[in-house]
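Subject: Structure handover

Hi,

Here is the structure I promised you. Please open it alongside this note and follow the residues as you read.

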Amino acid sequence: MSGRVHLGMPAFPEAAASATRNARLRGNLSHATGTIRAKRAQAVAELSDWDALRAAGAAVKDRTLRHLDHYLERLEEAVTAAGGTVHWAADAAEANRIVTDLVRATGETEVVKVKSMATQEIDLNAALERAGIRAYETDLAELIVQLGDDLPSHILVPAIHRNRGEIRDIFREEMGRWGRPAPKGLTDDPAELAEAARLHLREKFLRAKVGVSGANFMVAETGTLVVVESEGNGRMCLTLPETLISVVGIEKVVPTWQDLEIFLQLLPRSSTAERMNPYTSMWTGTTDSETADGPRVFHLVLLDNGRTDALADTVGRQALRCIRCSACLNVCPVYERAGGHAYGSAYPGPIGAILTPQLRGTASELDASLPYASSLCGACYEVCPVAIDIPQVLVHLRERVVEGGEVTVRGQRTTIRPARGHAAERAAMRAARWAFDHPRALLAGQRLASRTRRLHPRRLPGPGRAWTATRDLPTVPAESFRDWWRRTRNVRGEARGEGGGR
Amino acid sequence: MSGRDVVLARIRRALTDVPRSEAPDDVPVPRSYERAHVPDGETSDALVDLLAENLADYRALVHRTDADGLPTLLRRLLLEHGSETVLVPPGLPTWWLESADATRVHDRAASTPAELDAVDSVVTGCAVAIAETGTIVLDGGPDQGRRRITLIPDHHVCVVRVPDQVVASVPRALERLDPTRPLTWISGPSATSDIELDRVEGVHGPRTLEVVLLTE
């Protein structure tokens, strides 16, 4: 019952090809993303200064990233001064070890969890289970995923690939094995399903001694952590247990309290298309014993796990601005058809396609295929509340995959070799570069192509076959643009008569 | 090397493109966005109306009263919810509940979550309310109590003193709040969008949120 992990997944094209044949998955996804797209556009349109907020959000994140060491040290000071303890984890294994040891030290064998991308990324639940500690997911969608022994497929709504009928079936069959069974006669009415989750989880909240969370923001200036949520499961996990352990990526820090005024406007509208999400919790360390409110012990685990590798790439760095709103997933034509599982990571969709290959490197076939999981239509960039130019980073990572070159892996600068399977592409690019550098050869080649156009096949032979399997080979015009230009203008470039064109 | 040293060293190596002379504040942040989206000089009545409208839009039940009407209104709200017990923060003005029949349960450090789960309702004040988003913010002040008392009972009645506690926008709310206090921002009752990305009210937090706009 540990839940599955993204190991040994096939490359994106194979996984996507199989997902797109699943009509129910496609139906569920297109219904859900279609619903949220229209609402998001409306929520954003309510704010006349959206573009200014977006620019400010991007700039605050850039400032933070360019001075990340400075802000993390300020944060550590502030959290420590407020009674918290700060731990640093270079990778997933170290983070899992720290959290496991902290839970063991309490003597408890179960924890309640708030939905957290960071703990999903490091597969904390499996690490805890190996240590004999049961982790209960309490976000409704995470609960659906955990009960269904499934993988998350969306940043905001990890069970987006399930419709209400499937959720009812999972609740009926699995809740009893984890605790309180689903109510008798449970239907697929969303309100009834939410009620079933409320009843199932309440006993777990009320007895929990240890809570595990992530955070949406950490304020360096004050040491304040912020968790944005809807259901109240976050509030339960953050306030009822005696010990709270928060695992947070190092890029989640923002410099000042005032900076929250930008992100608390950008995030809810981009994410759930709400003016404000139902609940936001903010806490700074622990409170003293007389007015004790919430956990008496607070641990913050700062997670690198590849983030500094992304930071070292001046083009790819912008991916670390991400505030995990998932707007880019909801507008992506590739995500809508392929679904989240095909991306083989906790981070699906366009942001996953640029984040995963930077966090994990491009050594595996799957990770090397992710920068190609896009049509480069640019819709993701348009909706991104922190203006991450996802298409730019995708193209940059494609170049890295094809050409190889210098990158940072686990903190070490290293030169990677070009990925296999891109030989034809590399050869074509080299040929193109040579031709564009040698105009006479280009001209001769174009004329030759025009003269032989009737002889061109409709499908390419050899390595080009895959390309033309889904595309028509472009037809070569009888006359090249350069020749037309020369013919219709005089050699000195003066327009010839009224029909000379512009 | 400790994890801390490893991570900080990696960050510094990653940022070799940043000139040593550059200070954090040298990176420009254009703050040309609005401090609020309501017109300048908007009357406080209009702000309170906007707050009421946005609260109701997210399914909070909104009531308006003055000091004379408050005890009767609170009595009625508790009765209508069928509440026999009500949680009371330590500094809640005693006259607010002078007419209520429900048995008072006090907010104590020693209470267990299971004990709080048996209480029907909770009545609190708030620290600030945001008109543009329909949000009330609690900061654990004497009339609000510990965070858990507004979380476990299924019925939360929150009294907002208008117009004093109402601000237009998120930026103006943050200016008023103290980050060292535990803060809870509440916008409507507990809800979820996890089933087919459609919003449904009522999961773990109070399923009924009633906001009383108290004119002083």
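R410 of chain A counts as partly exposed, because it has 15 C-beta neighbours inside 10 Å, and a residue needs 20 or more to be buried. Its phi is near 50°, a positive value in a residue other than glycine. You will find R410(A) in the loop between β11 (405-409) and β12 (412-416) of chain A. Bear in mind that this is a predicted model.

R59(B) sits in the loop between α2 (44-57) and β1 of chain B. Buried or partly exposed: which is R59(B)? It is partly exposed, because 16 other C-beta atoms lie within 10 Å.

Next, the sheet in chain B. It is an open sheet of 6 strands, and the pairing is parallel. The order is β1-β12-β7-β4-β2-β3. Which strands stand at the edges? They are β1 (61-66) and β3 (103-106) of chain B. Each has a single partner strand, so one side of each is left without a neighbour in the sheet. On average, neighbouring strands of this sheet are turned by 25° against each other, direction ignored.

Strand β4 (residues 121-124) of chain B pairs with strand β7 (residues 155-162) of chain B in the parallel sense, over 4 bridges. V122(B) stands opposite H156(B) in β7(B). Then follow the chain on from β7(B). The peptide bond from V162(B) to P163(B) is cis, with omega near 0°. P163(B) has its place in the loop between β7 and β8 (166-167) of chain B.

Now chain A as a whole. It has 23 helices and 12 strands. Its C-alpha atoms fill a box of roughly 90 × 55 × 45 Å, taken along the principal axes. Of its 502 residues, 51% count as buried. Among contacts in chain A with a separation of 6 or more, 73% come from residues 24 or more positions apart.

Helix α12 (residues 260-271) of chain A has 12 residues. From first C-alpha to last it reaches 16 Å, close to the 16 Å expected at 1.5 Å a residue. How many of the residues of α12(A) are buried? The count is 12 of 12, and the helix is mostly covered. Among the buried residues are E261(A), F263(A), Q265(A) and R269(A). In an α-helix, residues three or four places apart point the same way, because there are 3.6 residues a turn. Just after α12(A), A273(A) takes a positive phi of about 60°.

Last, the place where the chains meet. The contact takes 84 residues from chain A and 63 residues from chain B. By class, the side of chain A that touches chain B has 43 nonpolar, 26 polar and 15 charged residues. Strands from the two chains also pair. Strand β9 (residues 279-284) of chain A and strand β9 (residues 183-186) of chain B run in the antiparallel sense over 4 bridges. Which residue of β9(B) is the bridge partner of M282(A)? That is L183(B).

Best wishes

Key
Residues numbered from 1 in each chain as written. Chains lettered and ligands numbered in written order. Predicted model: local features only at pLDDT ≥ 70, side-chain atom pairs only at ≥ 80, totals over all residues. Expected span 1.5 Å × (residues − 1). Contact = placed C-beta atoms within 7 Å. Nonpolar A, V, L, I, M, F, W, Y, C, P; charged D, E, K, R; others polar. Pairing = 2+ DSSP bridges. Axes fitted to C-alpha atoms, helices over the stretch in contact; angles between N-to-C directions.
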